[in-house]
Amino acid sequence: MFKHKVTTDEFGVMTLNDTTENYETEIDIPYMRLGKISISADGFEVGLKRMKAFLTWMNVNHRGFKLTLEYEIQEYDLIWDDVWDSVLGKDWVEADEGFLENHLSYVSVNFNRGAIYLWIDTSGLHIDHMIRVTMNDAMQVACCEMM
């Protein structure tokens, strides 16, 4: 059985969600829409360290990381060509690098099963889907998928 609330130096009070068995809180992250973070109760100490490291890295790299996401979204073919074209008003292969940045917003971040998952809203490029990015220990994209 896990404690219902834990207080951390990094993120203050985190409350256990009994359904997901994640500790959750909201923090002020200017570049993230909701600022919601969650860490699996199982492996909480490791998750706490990884979450702090990831958010520290994101504080510096959040803008540049959107360009990486643009490449990954194209690589994994997560947005159909006709959607790209309708957003741009021209064939997406003619778009300038970084064109997708304004359409991507960071929603929340989760540590679960040993990995950091970053949830991305595509501003309607997917009607009701978000993109989940799995990060590796080196702060690189391990997987990018539509959820």
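This is a predicted model: local features need pLDDT of at least 70, side-chain atom pairs count only at pLDDT 80 or more; totals for chains, interfaces and linings use all residues.

My entries below go from the sheet to the helix, the core and a few single residues.

**Entry 1**

Then I traced the strands and found an open sheet of eight, in the order 1-2-3-4-5-6-7-8, with mixed pairing. Which strands stand at the edges? I noted strand 1 (5-8) and strand 8; each has a single partner strand, so one side of each is left without a neighbour in the sheet. From one strand to the next, the twist averages 25 degrees.

**Entry 1: strand pairs**

- Strand 3 and strand 4 are antiparallel, with five bridges, and they make a hairpin with five residues between them. I found Tyr 23 opposite Ile 39 of strand 4, and Thr 25 has Ile 37 as its bridge partner in that strand.
- Strand 4 and strand 5 run parallel and are joined by five bridges. Here Lys 36 has Ser 108 of strand 5 as its bridge partner.
- Strand 7 and strand 8 run antiparallel, again with five bridges. Arg 132 stands opposite Glu 145 in strand 8.

Next I asked which strands helix 1 touches. My list came out as strand 1, strand 2, strand 3, strand 4, strand 5, strand 6, strand 7 and strand 8, with helix 1 packed on the sheet. The direction of helix 1 makes about 145 degrees with that of strand 5.

**Entry 2: the core**

I then looked up the largest nonpolar core, which has 37 residues; Leu 118 and Val 133 touch the most other members. The elements that each supply at least two of its residues are strand 2 (12-17), strand 4 (32-40), helix 1 (44-75), strand 5 (105-112), strand 6 (115-121), strand 7 (130-135) and strand 8 (141-146). Helix 1 gives the largest share, nine residues.

**Entry 3: Ser 38**

Is Ser 38 buried or exposed? I have it down as buried, with a relative accessible area of 9%. Its side chain makes a polar contact of 2.4 Å with the side chain of Asn 110. Beyond its neighbours within four places in sequence, Ser 38 is in contact with Asn 22, Tyr 23, Glu 24, Met 51, Val 109, Asn 110 and Phe 111.

As a general rule, most residues other than glycine have a negative phi, and I wrote down two exceptions.

Glu 21 has a phi near 55 degrees. I placed Glu 21 in the loop between strand 2 and strand 3 (22-26). Glu 21 is partly exposed, at 43% relative accessible area.

Met 139 has a positive phi of about 60 degrees and lies in the loop between strand 7 and strand 8. Those strands form a hairpin with five residues between them. At 18% relative accessible area, Met 139 counts as buried, because the cut-off is under 20%.

Terms used:
Residues are numbered from 1 along each chain as its sequence is written. Side-chain values use heavy atoms; hydrogens and water are left out. A nonpolar core is a set of buried Ala, Val, Leu, Ile, Met, Phe, Trp, Tyr and Cys residues joined through side-chain atoms within 4.5 Å. Buried means under 20% relative accessible area, exposed over 50%, partly exposed in between (1.4 Å probe, protein chains only). Helices (H or I, at least four residues) and strands (E, at least two) are DSSP runs, numbered from the N terminus. A polar contact is a pair of N or O atoms within 3.5 Å; within protein, one must be able to donate a hydrogen and the other to accept it, and residues adjacent in sequence count only if both atoms are side-chain atoms. Contact means heavy atoms within 4.5 Å. Two strands pair if DSSP finds at least two bridges between them. Axes are lines fitted to C-alpha atoms, for helices over the stretch in contact, and angles run from 0 to 180 degrees between N-to-C directions.
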